[in-house]
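Here is a walk through one protein model, a few residues and helix pairs at a time. Keep the structure open and look up each residue as you get to it.

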Amino acid sequence: MNCWDIHTHQAGRNHSITQAQIPAKDEDGTYSIGIHPWRVDLGWEEECIGIEEYAQRNEQVLAIGEVGFDRLKGSDILLQKNAFFAQANLAARLEIPLILHCVKSHDLLLAYLKSATYPPNIIWHGWNQKPELAKQLLPFPIFFSFGKHLLHPESNAAKHLEVCPIDRVFFETDDSELKIESIYQAASLILQLPVTRLAEQVIVNWNAISKRKIS
Ligand SMILES: [Zn+2]
């Protein structure tokens, strides 16, 4: 059973969605591509066209991301919003998920979700937010990817995992050096479910929300 890592910055790992720039260097891998909110600039529209062409030609692009909003470290917020809307539309058109980076900006995400007619399936990566926010998000096609915070049993992430609908759950290593197995292991202890069961569930979850399947 493969323990999929839904978001990592480490290249060359199996069963992983590696964050990449185009053209992706890892020819055998699967990856996500997108314009991160830290580096949206005035050329974003052109870059977005390049991303669309590349993603259409390359079935190895499993997700658009990480994209989103960041009020602490990002570019001008209007640019971030416009780039996000365009990339959300792109993910929806390709019928693949969007991997979300969202820092101090959940109001922007909620406003988008309330107004969007066809939002893509959105995976909030590195989830460690307050339980109230998780509740507000559940009516929308939002999924939660849990990473290193699960290693702390008192974290918001660990508490949310306990109550989160199991079909909304993913796991990731992000920019850490951790092995994905250690995240599955932590989740297994929290949920009292075997790692194999969680690995299976993640594959089912992914395939339910994406046209580009994993196994
Ligand atoms: Zn990341």
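Aspartate 174 is partly exposed, because 19 other C-beta atoms lie within 10 Å. Here is the scale: a residue is buried if 20 or more other C-beta atoms lie within 10 Å of its own, exposed if 12 or fewer, and partly exposed in between, with C-beta atoms placed from the backbone. You'll find aspartate 174 in the loop between β8 (169-171) and α6. Helices (H or I, at least four residues) and strands (E, at least two) are DSSP runs, numbered from the N terminus. Aspartate 174 also has a positive phi of about 55 degrees, although it is not a glycine.

Before going on, two bits of housekeeping. This is a predicted model: local features need pLDDT of at least 70, side-chain atom pairs count only at pLDDT 80 or more, and totals for chains, interfaces and linings use all residues. Residues are numbered from 1 along each chain as its sequence is written.

Most residues other than glycine have a negative phi, and most peptide bonds are trans. Glutamate 95 is not a glycine, yet has a positive phi of about 60 degrees. Its place is in the loop between α2 and β5 (98-103). Is glutamate 95 buried or exposed? With 12 other C-beta atoms within 10 Å, glutamate 95 is exposed.

Now for a peptide bond: glycine 65 and glutamate 66 are joined by a cis one, with omega about -10 degrees. Glycine 65 sits in strand β4 (residues 61-70), and glutamate 66 is in strand β4 as well. Glycine 65 is buried, because 27 other C-beta atoms lie within 10 Å. Leaving aside neighbours within four places in sequence, glycine 65 is in contact with Ser32, Gly34, Leu98, Ile99 and Leu100; "in contact" here is C-beta atoms, placed from the backbone, within 7 Å. Glycine 65 and histidine 36 are 29 residues apart along the chain, and their C-alpha atoms are separated by 7.1 Å.

Cysteine 48 belongs to helix α1 (residues 44-57). It counts as buried because it has 21 C-beta neighbours inside 10 Å. Not counting residues up to four places away in sequence, cysteine 48 touches Ile35, Ala86, Gln87 and Leu90.

Two packed helices are described by the angle between their axes and the distance between the axes. For α1 and helix α2 (residues 77-94), the angle is about 15 degrees and the axes are 11 Å apart. Axes are lines fitted to C-alpha atoms, for helices over the stretch in contact, and angles run from 0 to 180 degrees between N-to-C directions. So α1 is roughly parallel to α2; angles under 35 degrees count as roughly parallel, over 145 as roughly antiparallel, 65 to 115 as roughly perpendicular and the rest as oblique. Trp44, Cys48, Ile51, Glu52 and Ala55 of α1 meet Leu79, Ala83, Ala86, Gln87, Leu90 and Leu94 of α2.

## Helix α6 and its partners

Helix α5 (residues 156-163) packs against helix α6 (residues 180-191) at an angle of about 55 degrees, with axes 9 Å apart. These two are therefore oblique to each other. Ala158, Leu161 and Glu162 of α5 make the contact with Ala187, Ile190 and Leu191 of α6.

The axes of α6 and helix α7 (residues 195-209) come within 9 Å and cross at roughly 110 degrees. That makes α6 roughly perpendicular to α7. Here the contact is made by Tyr184, Gln185, Ala187 and Ser188 of α6 and Val195, Leu198 and Ala199 of α7.

## The nonpolar core

In soluble globular proteins, nonpolar side chains tend to be buried together. How many residues does the largest nonpolar core have? It has 55, and those with the most contacts inside it are Leu98, Phe146, Phe171 and Ala187. A nonpolar core is a set of buried Ala, Val, Leu, Ile, Met, Phe, Trp, Tyr and Cys residues joined through C-beta atoms within 7 Å.

Leaving aside neighbours within four places in sequence, phenylalanine 146 is in contact with Trp127, Ala157, Leu161, Val169, Phe171, Ile183 and Ala187.

Terms used
Contact = placed C-beta atoms within 7 Å.
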